[in-house]
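Subject: A structure for you to look at

Hello,

I am passing on a structure that I have been reading through. Please open it beside this message and follow along as you read.

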Amino acid sequence: TAFSDYMILLEKIYVIMERVFKRNIILRKRKYKDGHEIFIASCHSKDICQEFKNILQTDRKKSKNFKIPKFKNENEMRSFIAGIFDAEGNSYLWYNKPRIGMQIFNESASESIVNILRKDNIKAYVNRCSDGGFIVNP
């Protein structure tokens, strides 16, 4: 069944995380009010958190240091944009019409994302927020 395949995959991810991080991994199931469930894997380690901060150059408002990478081709660029909207994007209603957007705190990165979207004839723009961030709206 799909559920047993899911549990096998989850166990594999758990084992890989323990091998990679050499720490005990805490695996919890979270059930939401609407009925859907997710599993959360966590590894509580200051060393590992610091390593990820160093790799990603992040702390608070992580997108202040965000830089758009160089792309080998158009497909790689499109995949990157899809991924960043998947990770950082949100949906909302604007005049009763569904919209998507993403807030980041780096003006040049937000403008680069808009320019990439416009290359594919996607109408997009950047708005400055009162908290110092920038909202990218395609």
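Predicted model: local features only at pLDDT ≥ 70, side-chain atom pairs only at ≥ 80, totals over all residues.

Residues are numbered from 1 along each chain as its sequence is written, and side-chain values use heavy atoms, with hydrogens and water left out.

The secondary structure comes to four helices and six strands, where helices (H or I, at least four residues) and strands (E, at least two) are DSSP runs numbered from the N terminus. Read from the N terminus on, the elements follow the order α-β-β-α-α-β-β-α-β-β. Of the 138 residues, 22% count as buried, a word that stands for under 20% relative accessible area, with exposed meaning over 50% and partly exposed lying in between (1.4 Å probe, protein chains only).

Four strands form an open sheet with the order 3-4-6-5 and antiparallel pairing, and two strands are said to pair if DSSP finds at least two bridges between them. Its edge strands, each pairing on one side only, are strand 3 (89-94) and strand 5 (125-128). Strand 3 is joined by six bridges to strand 4 (residues 97-104), and the two run antiparallel; in strand 4, Gly 101 is the bridge partner of Asn 90.

Helix 3 (residues 74-88) packs on this sheet and touches strand 3, strand 4 and strand 6 (134-137), contact being heavy atoms within 4.5 Å. Its direction makes about 95° with that of strand 4, with axes taken as lines fitted to C-alpha atoms, for helices over the stretch in contact, and angles running from 0 to 180 degrees between N-to-C directions.

Which residues of helix 3 are buried? They are Met 77, Ile 81, Ile 84 and Phe 85. Seen down the helix axis, the buried residues of helix 3 fall within an arc of 95°, so they line one face of the helix; the arc is that of the directions from the axis to the C-beta atoms. What covers these buried residues includes strand 3, strand 4, helix 4 (107-119) and strand 6. The face of helix 3 turned away from its buried side carries the exposed residues Asn 75, Ser 79, Asp 86 and Ala 87.

Lastly, Pro 98 lies in strand 4 and is exposed, with a relative accessible area of 70%.

Best wishes
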